[in-house]
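I went through the chain contact, the helix packing and the backbone exceptions.

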Amino acid sequence: MKLHDVDVAVIGAGPAGMAAAIRAREAGAEKVVLMERAEELGGLLHQCVHNGFGLLYFNEDLTGPEYGHRFIEKALDTGVTPLLETMVVRLGEDRQIGAVNTKEGFITFRPKSIVLAMGCRERSRGALNIPGTRPAGVLTAGTAQRYVNVEGFVPGKKVVILGSGDIGMIMARRLTLEGARVEAVVEILPYIGGLIRNEVQCLHDFDIPLFLNHTVTQIHGEERVEAVTVAQVNGNRQPVAGTQRTIACDTLLLSVGLIPENELSIMAGVRLDPVTGGARVDETRQTNIPGVFAGGNVLHVHDLVDNVSWESEMAGESAARFALEGKQKESGKIVVRAGRNIRYVVPQTISGRRDTTLYMRVNEPEETVRIKVGDIMTKGVRAVKPSEMLKIELSAEKLGKLREGTKEITVDCEKRGGK
Amino acid sequence: MAQKKTFICIGCPLGCRVTLTIDGKGAVAGFAGNKCKEGEKYVLEEYTNPVRTLTATVLTEGSSQPLLAVRTSRPIVKTKLAEGMAVLAKVRARPPLKIGDVVVPNLLDTGADIVASGNLSS
């Protein structure tokens with residue numbers, strides 16, 4: 001393959017990368033390579049055998065593999081070139097890519113534009129500093145998911161799950177159906193970390209106890225996990241003396257957050273947002289480096305794959321345009337700030353000249369609020385939760401109401417009057 | 001004697017706790033706690049006929065892939081999920097199979113088939 005002919009290189013072939021590559025081809029980029037370190041396209045979708053994918057994008061209730069295969073087939077149909085078992089190990093500021101695979105060894109090339117679609121990884125025990133021994137049986141929920149759904153073994157019989165993220169709750173159900181007993185799901189916050197439908201359909205359906213305002217303070221066991229100590233926490237998330245109790249178990253699953261995988265981005269000099277852990281981008285999903293775009297969980301962690309696909313399509317389309325025109329026509333100059341009860345907003349900058357969708361999350365759950373974008377738009381929302389991403393669409397016409405020379409715009413989540 | 005049952009509505013992030021009152025004859029007598037009509041619709045369905053899509057994996061034979069992802073072709077009554085798993089424990093999927101191919105027809109007389117939700121090659 002003549003790699004120097006590449007127009008757009010997409011790094012990572014999960015849902016984000018596939019959507020970006022397909023759209024880049026559709027938008028006219030001639031040669032689009034989709035680089036993936038695994039042996040097949042699709043990323044983590046293969047191990048997500050549960051349903052709930054595509055409700056928004058396809059208006060159908062699909063499983064992960066079903067959702068993935070639609071994109072795999074479309075990628076091949078639209079003429080995307082997959083480059084499998086190829087791991088990108090270098091990314092230069094000049095968009096030079098260095099990658100390794102077993103056929104060609106070390107390869108380098110410089111595409112006209114790049115889409116970062118490396119996804120995210122799970123926070124592990126090391127990030128939590130849980131005291132105790134280091135026995136076998138402590139693993140992330142996603143690792144357990146791979147064991148159960150792809151490799152074919154159940155990692156334990158009596159399980160405690162720390163964290164109520166979606167993967168944790170989904171594994172609580174999956175392990176129960178496979179015959180394990182889930183003793184408890186323990187969440188340090190006063191509310192669940194995942195979607196309500198998962199609390200109902202994964203925990204309540206199977207009578208799995210959920211302990212809010214609790215955490216694991218100790219892991220016991222020499223060779224293998226034998227028990228964990230669980231305690232209630234106070235408002236500062238510190239364990240409360242006298243509330244400890246021990247739950248016998250052989251496995252502790254961690255579902256305590258996801259971290260965008262941005263080592264390559266940092267290597268290339270991409271400026272990151274300390275809150276999202278992903279790149280700072282404009283509404284075309286371009287980073288601070290011209291011709292380098294990002295989409296999906298590498299940019300900010302999503303709760304629904306449908307939004308990953310849509311966002312990455314934007315990045316793919318922008319990358320194609322950049323490859324064809326050699327530059328970006330106009331990039332974001334107006335800074336979007338996160339105001340009251342807003343944790344972050346993506347994109348972080350906008351041009352104010354195109355239709356723009358703002359993706360955001362709140363800090364705290366609240367009811368009866370309105371999302372206010374500067375003084376150009378407000379939208380009433382019945383309830384907001386940190387686990388459920390909000391989308392606000394701004395038309396170019398609305399953005400046209402911004403005063404000439406506007407340098408920043410703030411997004412607030414305000415209480416509405418009434419009850 | 002009237003009975004009360006509580007449900008959490010999954011219609012939106014609000015997650016209303018809806019209390020359903022059932023009168024002495026087993027008829028629905030009222031809803032409380034829901035902030036919109038959707039809540040009533042959801043709770044009525046959950047009370048009268050709660051259904052779920054069963055998703056799982058089955059062991060394979062004659063493939064390098066140890067497992068095949070499967071699902072019910074449509075949601076089945078919630079109380080049959082465990083029984084459905086017991087059926088799947090005995091199934092061995094043989095290649096070639098494509099997404100949508102029937103692996104177990106009419107699971108437990110629910111009218112739903114178990115279908116492949118991934119592809120299986122040898």
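Entry 1, chain contact. I looked up the salt bridges between chain A and chain B and found 4, a salt bridge being a side-chain nitrogen of Lys or Arg within 4 Å of a carboxyl oxygen of Asp or Glu. I noted the salt bridge between the side chains of B:Arg52 and A:Asp205, at 2.5 Å from N to O. The model is predicted, with local features needing pLDDT of at least 70 and side-chain atom pairs counted only at pLDDT 80 or more, while totals for chains, interfaces and linings use all residues. Residues are numbered from 1 along each chain as its sequence is written, chains are lettered from A and ligands numbered from 1 in the order in which they are written, and side-chain values use heavy atoms, with hydrogens and water left out.

I then took the contact between the chains as a whole. Chain A gives 30 residues and chain B gives 28 residues, where contact means heavy atoms within 4.5 Å. The two chains bury about 2400 Å² between them, 60% of it on carbon and sulfur atoms. Buried area here is the accessible area (1.4 Å probe) that two parts lose on being put together, summed over both. Which three residues supply more than any other three of the area that chain A buries against chain B? I found A:Leu177, A:Ile196 and A:Arg382, with 22%.

My search over all chains gave 28 salt bridges. One of the pairs I looked at is A:Arg23 with A:Glu313, whose side chains meet at 3.5 Å, N to O. This pair links distant parts of the chain, with A:Arg23 in helix α1 (residues 15-26) of chain A and A:Glu313 in helix α7 (residues 305-325) of chain A, 290 residues apart. Helices (H or I, at least four residues) and strands (E, at least two) are DSSP runs, numbered from the N terminus.

Axes are lines fitted to C-alpha atoms, for helices over the stretch in contact, and angles run from 0 to 180 degrees between N-to-C directions. The crossing of α1(A) and α7(A) is right-handed. A crossing is left-handed if the near helix is turned anticlockwise from the far one by less than a right angle, and right-handed if clockwise.

The axes of α1(A) and helix α2 (residues 64-77) of chain A come within 9 Å and cross at roughly 30°. I recorded the crossing as left-handed. On α1(A) the contact uses A:Met18, A:Ala19, A:Ile22 and A:Glu26, and on α2(A) the residues include A:Phe71 and A:Ile72.

Helix α4 (residues 166-177) and helix α5 (residues 196-203), both of chain A, pack at about 20° with axes 8 Å apart. That makes α4(A) roughly parallel to α5(A). Here α4(A) passes α5(A) in a left-handed crossing.

Most residues other than glycine have a negative phi, and most peptide bonds are trans. I found a cis peptide bond between A:Val346 and A:Pro347, with omega about 5°. A:Pro347 is in the loop between β22 (344-346) and β23 (349-350) of chain A. In chain B, the bond from B:Pro95 to B:Pro96 is cis, with omega near -5°. Phi of A:Arg95 is positive, near 70°, and A:Arg95 lies in the loop between β6 (87-91) and β7 (97-101) of chain A.

Key
Parallel < 35°, antiparallel > 145°, perpendicular 65-115°, else oblique.
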